[in-house]
Amino acid sequence: MLITLLLIFTILYTLQICIFALAAHNARYPNDPTYRPTVSVIIAARNEERNIGACLESVARLTYPKELLKVVVVNDHSTDNTDVIIREYADKFPFIKLHAATEGETRFKGKTNAVLQGIDITDGEIILFTDADCIVPDRWVEETVKYYNEETVGLVAGFTSLKSRTMFEAIQALDWFALFSIAAAAIRLHFPVTAVGNNLSVRRKAYDAVGGYRKIPFSITEDYALFHAVTSKTAYRAKFPLDAGTLVHSLPCETWGELFRQKKRWFTGGADMDVKSISLFAVGYIFKSLLLLNVVFNGLTIVLVPLLLKCCSDYLLLRPALKTFKRTDLLFYIIPFELYYICYVLFFPPIVLLNKNVQWKERSFGKA
């Protein structure tokens, strides 16, 4: 029985991932490179003295017309020198503004509160978000806003590449490219699932249409909450282009403990996915469960062909992004990545179900 089920779900998983691989390859959209709306960039920073300088160095190099651009860096109650560093850049570059987050309304906690306050003091037609540990490309703004060439476009997301000098870091980089590829493919298939807030933008009219964060139920993954609200409650469409001009660079987790907390935050925040989104990941979860069960009860030999098919289909999914962003070097680590990927996909859902307490940025969150 287990072998038969494994065969069925191997076929289903392979077909699903191949469809997504094709959609990811075709994640390209009409755009208008001459479109120049007013833009607000929001960066929330909490205890980021190690990273915020490099982030703002990249922001200072943005080539978008400065009369159309305002960057608000929100110091989210940092206890280190984050605010001092932000102030240095704000003093040097008039389009960069420092805002000190105040205690928000009761239900607005952590980063959501900081992002909300940043949006409140800006008025750009398009709002871009990135994180304090990210490096943005010089043409990030114009390469992103060109996809708002139609009034029906409410959200545009972009890919993020992680620095990878070790196998541990390379595995994380592949993980992110897999996640972003699935998200980009899902949108291309008119099945929007998620996006990540270190490279995300929203049309202000779309943000206002859902009532902003004040009307969105609180989530520790505020980026997912905003994406879900706009794509499910309005007629606005999302785009997730495979475009090297929008690629943001970020840093991997340094330890397994930090990675565990990151993944737990993501899984906890995504626990309220709707049925159609859950169904997207159900095939993969069942397939990985069957791999493990067959190893236990029928031996390793039984799963070799399914594992090979999984590796091949996952390669097809990853290939468009790795080729576009010139990161094919990461394929050297695809085998350890597959083992890691199977383990965390299998074990994090029950971990989250048993305990939704999340530790993030020296703060505790009881639930998503």
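Residues are numbered from 1 along each chain as its sequence is written, and side-chain values use heavy atoms, with hydrogens and water left out. Because the model is predicted, local features need pLDDT of at least 70 and side-chain atom pairs count only at pLDDT 80 or more, while totals for chains, interfaces and linings use all residues.

## Helix H4

Helices (H or I, at least four residues) and strands (E, at least two) are DSSP runs, numbered from the N terminus. Buried means under 20% relative accessible area, exposed over 50%, and partly exposed in between (1.4 Å probe, protein chains only).

Helix H4 spans residues 110–120 and is mostly covered. Nine of its eleven residues are buried. Among them are Gly 110, Thr 112, Asn 113, Val 115 and Gln 117.

## Salt bridges

A salt bridge is a side-chain nitrogen of Lys or Arg within 4 Å of a carboxyl oxygen of Asp or Glu. The structure has 17 of them.

| Salt bridge | N to O distance |
|---|---|
| Lys 146 and Glu 143 | 2.6 Å |
| Arg 165 and Glu 169 | 3.2 Å |
| Asp 314 and Lys 310 | 2.6 Å |

Arg 165 is exposed, with a relative accessible area of 64%, whereas Glu 169 counts as buried at 10%.

Asp 314 and Lys 310 both belong to helix H11 (residues 304–324). They are four residues apart, about one turn of the helix. An α-helix has 3.6 residues a turn, so residues three or four places apart point the same way. Asp 314 is buried at 4% relative accessible area. Lys 310 is buried as well, at 1% relative accessibility.

Some salt bridges share partners. Through them, Arg 139, Glu 142, Glu 143, Lys 146 and Asp 243 join into one network.

## Cavities

Rolling a probe the size of a water molecule over the atoms shows where empty space is left. On a 1 Å grid over the protein atoms alone, a cavity is a set of points where a 1.4 Å probe fits but cannot get out; lining residues have an atom within 4 Å of a point. Grid points are joined across faces, edges and corners, and a volume is the space filled by probe spheres set on the points.

The whole structure contains two cavities of 30 Å³ or more. The largest cavity holds about 80 Å³ of space. It is lined by 14 residues, and the closest to its centre are Lys 111, Val 115, Phe 129, Gly 197 and Glu 222. Helix H4 returns here: H4, strand S1 (39–45), strand S4 (126–131) and helix H8 (222–233) each supply at least two lining residues. The lining divides into eight nonpolar, two polar and four charged residues. In this count Ala, Val, Leu, Ile, Met, Phe, Trp, Tyr, Cys and Pro are nonpolar, Asp, Glu, Lys and Arg are charged, and the others, Gly among them, are polar.

The second largest cavity has a volume of about 30 Å³. Its lining consists of Ala 178, Asp 314, Leu 317, Leu 318, Phe 337 and Tyr 341. H11 and helix H12 (334–354) each give two or more residues to this lining. The largest share, three residues, comes from H11. Five of the lining residues are nonpolar, none polar and one charged.

## Aromatic contacts

Rings of Phe, Tyr and Trp (its six-membered ring) pair if their centres lie within 6.5 Å; planes under 30 degrees apart count as stacked, over 60 as edge-to-face and the rest as tilted. The structure holds 16 aromatic pairs.

Phe 159 and Phe 240 form an edge-to-face pair, 5.2 Å centre to centre with 70° between the planes. Phe 159 lies in the loop between strands S5 (153–157) and S6 (160–162), and Phe 240 in the loop between strands S8 (237–239) and S9 (248–250), so the pair ties together parts that are 81 residues apart in sequence. Phe 159 and Phe 240 are both buried. Both also belong to one aromatic cluster with Trp 176, Phe 177, Phe 180 and Phe 325.

Terms used
On a 1 Å grid over the protein atoms alone, a cavity is a set of points where a 1.4 Å probe fits but cannot get out, and a pocket is an open set with protein on both sides within 12 Å along at least five of seven lines; lining residues have an atom within 4 Å of a point.
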